[in-house]
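Reader: Hi! I have a chain open on my screen and would like to talk it through. Could you walk me around it?

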Amino acid sequence: MIPLDTRPLFAAERQALLDLLRSLDPADWDRPTICPGWDVRDLTAHILNDYLRRLSGSRDGHRGAVFAEDESLPSYLARVNGEFVRAMRQCSPAAMIDLLAHLGPQLDAVWASVDLAGVAALNVSWAGRGTSPAWLDIAREFTEYWVHQQQIRDAVSRPGADEVELQHAVLVAFLHAVPVALQDHKRPHGTAIRFEITGPAGGRWSVVSDGTGWDLTGELAEDPAASVRLDQDTLWRLASRGITVEEGRRRAKLHGDRELAEAAASLLAVVD
């Protein structure tokens, strides 16, 4: 894994979101987003739900909604997220903006109090089945807010919040999903796949096998068994399923062991 500290980035991401939301016309709030059945108002409410959920759980120790009998995690999340969004349709955009501005700094304080090397409050399932480190849990939350902001921007045709520092953190966090995408593809110890993300926020990384699993590293393999080259926009959209795996592979340049390259290029960094 490649540890990263996204805590200094939350305030900048949130300010960009607030500036965007305050600039929207009434008609913009009704525009559909990539999230099925949700318009810009609904997606904003979902971000607010994320704020409240983490404050309530991580700061206040509140258990929150319970699982229904035989309910999977994706089904649970779809249900509770939908319930909140529907309830918030009675609230004005201005009220939601005020709540985001008020709660955001409180959430920043929660992140600041966390020992990054400690155990995550919530495990990051798309990065592996084991216990997640706290820094990855926080990075996952950052990617959630940033991606939803980009989805709003797409809906209203207002690009932004794409500064290198913000987007690079999202890309690195999402690359921690690559080892999971490769978990069914065993290779001898030392087998490596090179990942290159083009664009100002990109870079190069390797995913290396230990014989039983895979790990993301910033060290570049000398003779990789496969390589994957994607532009920065494609990577985050693919990982968050804003585009399909097929579209992602079409945009990618894959070389070497085709099975490994295709598996690596199917990374998924959301709960599915």
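**A walk around the chain**

Author: Happy to! This is a predicted model, and the chain has 10 helices and 5 strands.

Reader: Nice. What does the C-alpha trace span along its principal axes?

Author: The trace spans about 55 × 40 × 35 Å. The radius of gyration is 19 Å, which agrees with the value near 19 Å for a compact globule of 272 residues.

Reader: And how much of the chain is buried?

Author: Buried residues make up 51% of the 272. As for contacts with a separation of 6 or more, 69% of them join residues 24 or more positions apart.

Reader: Let's switch to charges. How many positive and negative side chains are there?

Author: There are 28 positive and 39 negative ones, and the centres of the two sets lie 2 Å apart.

Reader: Which residues does the UniProt domain annotation cover?

Author: An unreviewed UniProt entry annotates residues 10-152 as "Mycothiol-dependent maleylpyruvate isomerase metal-binding". That span is 62% helix and 0% strand, with its end C-alpha atoms 17 Å apart.

Reader: Now helix 8, please. Why is it described as largely enclosed?

Author: Because 7 of the 8 residues in helix 8 (residues 232-239) are buried, the rest of the structure largely encloses it. The buried ones are Gln232, Thr234, Leu235, Trp236, Arg237, Leu238 and Ala239.

Note on methods. Residues numbered from 1 in each chain as written. Predicted model: local features only at pLDDT ≥ 70, side-chain atom pairs only at ≥ 80, totals over all residues. Heavy atoms only, no water. Helix = DSSP H or I, 4+ residues; strand = E, 2+ residues; numbered from the N terminus. Rg over C-alpha atoms; globule rule 2.2 N^0.38 Å. Buried < 20%, exposed > 50% of the residue type's maximum accessible area, 1.4 Å probe, protein only. Contact = heavy atoms within 4.5 Å. Lys, Arg positive; Asp, Glu negative; His and termini not counted. Charge placed at Lys NZ, Arg CZ, Asp CG, Glu CD. UniProt positions renumbered as here; feature names shortened; annotations may be inferred.
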